[in-house]
Amino acid sequence: MSGKLIDGIAIGKEIREEIKARVSDLKAGGCTPGLAVILVGDNQASRTYVTNKEKSSKEVGMKSELIELPVSVSEEELLGHVTRLNNDQSIHGILVQLPLPTHINENHVISAIDPSKDVDGFHPVNVGKMIIGQKTFLSCTPYGIIKLLERTNTEISGKHAVIVGRSNIVGKPMGQLLLQRDATVTYCHSKTKDLAEFTKQADILIVAIGKTKFVSEEHIKKGAVVIDVGMNRDENGKLCGDVDFDKAREKASAITPVPGGVGPMTITMLLKNTLHSAEEAFK
Ligand code: GUN
């Protein structure tokens, strides 16, 4: 078996076209959706992510504001920028790129963002709403994965979804979104014993552990749908995921590549959340 490719570039593009049309309608009515991104320090990976977010928001016609702050910025000063953006009516989405330098408390910063502009879906109020199934901003990577599954007609209800990784950004919300769609959910993580015993039961396997080629064919049930959230570099400096793609593909019925799978969807859902925020503000 050679699993089908789940093409995040094509699906992301399709959704961004839909977003672009709705942005155009909003602009015709006098409202330009605005996204502000705060980048602290000079982490190269964060800079690349932020540059891509800015570029994509402009491509769909949004206003984009990038605030670059030095690594030495104080928490107070950073919070001052957040407050200013909370009060700026031309800004509908605020994103503070993580991780932040260790002298800044990430929880303080996330909690300072107006929940109605928290397009990352990280604010405790929005996380709470997500867990009880209320309408809110959904964390972009898990939301993007749900869209990948939906648009490839992957059945979720009644399926066993196994998630490897328990971060606040991906693993935890991923499980909740699948549970809401009636999957049976198992969480695994770096301390799980006999990982393969769990992952081999998965109809849908989501891997977000941050370790190069951590999951391979011995972890995968024949016919499983495999979603790789990893973004690593192999020994030759080539981008690769948490899944050993070539070997896993032999077992999977469908699989996301890295790059070109989950990555483009994360940015797309950020734009979708920003659009939604602007639509709500403009009502
Ligand atoms: N760092 C890695 N992923 C993300 C994300 O989705 N949002 C933010 N704000 N920071 C991140």
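Helices (H or I, at least four residues) and strands (E, at least two) are taken here as DSSP runs and are numbered from the N terminus. The structure described is a predicted model, in which local features need pLDDT of at least 70 and side-chain atom pairs count only at pLDDT 80 or more, while totals for chains, interfaces and linings use all residues. Residues are numbered from 1 along each chain as its sequence is written.

In these terms the chain has 10 helices and 11 strands. Its radius of gyration, taken over C-alpha atoms, is 19 Å, close to the 19 Å that the globule rule (2.2 Å times the number of residues to the power 0.38) gives for 283 residues, so the chain is as compact as a globular protein of that length. Along the principal axes, the C-alpha atoms fill a box of roughly 50 × 40 × 40 Å. Of the 283 residues, 43% count as buried, where a residue is buried if 20 or more other C-beta atoms lie within 10 Å of its own, exposed if 12 or fewer, and partly exposed in between, with C-beta atoms placed from the backbone. Two residues are in contact if their C-beta atoms, placed from the backbone, lie within 7 Å, and among contacts between residues at least 6 apart in sequence, 69% join residues at least 24 apart.

The domain assignment gives domain 1 (30–115) and domain 2 (139–263), with bounds that come from an automatic or database assignment. The centres of domain 1 and domain 2, taken over C-alpha atoms, are separated by 28 Å. A UniProt record (unreviewed entry) places the feature "domain: Tetrahydrofolate dehydrogenase/cyclohydrolase NAD(P)-binding" at residues 139–280; UniProt positions are given in the numbering used here, feature names are shortened, and annotations may be inferred rather than shown by experiment. The span 139–280 is 37% helix and 17% strand, and its end C-alpha atoms lie 18 Å apart.

Valine 119 is placed in the loop between α4 (106–112) and α5 (124–131), and it counts as buried because it has 27 C-beta neighbours inside 10 Å. Residues up to four places away in sequence aside, valine 119 touches Gly93, Leu95, Phe137, Leu270, Asn273, Thr274 and Ser277. Valine 119 and histidine 92 are 27 residues apart in sequence, and their C-alpha atoms are 8.4 Å apart in space.

For "binding site", UniProt (unreviewed entry) lists Gly165, Arg166 and Ser167. Glycine 165 lies in the loop between β5 (160–164) and α7 (171–180), and serine 167 is also placed in the loop between β5 and α7. Glycine 165 counts as buried, with 24 C-beta neighbours inside 10 Å, whereas serine 167, with 16 such neighbours, counts as partly exposed. When neighbours within four places in sequence are left aside, glycine 165 touches Val170, Gly171, His189, Val207, Ala208 and Ile209, and serine 167 is in contact with Lys172 and Ala208.

Some loops carry backbone features of note. The peptide bond from leucine 98 to proline 99 is cis, with omega near 5°, and proline 99 is found in the loop between β4 and α4. A cis peptide bond also joins valine 258 and proline 259, with omega about 0°; proline 259 is in the loop between β11 (254–255) and α10 (263–282). Aspartate 182, a residue other than glycine, has a positive phi near 70°; it is found in the loop between α7 and β6 (184–188) and is exposed, with 11 other C-beta atoms within 10 Å. Lysine 213, likewise not a glycine, has a positive phi of about 45°; its place is in the loop between β7 (204–207) and β8 (225–228), and it is partly exposed, with 18 other C-beta atoms within 10 Å.
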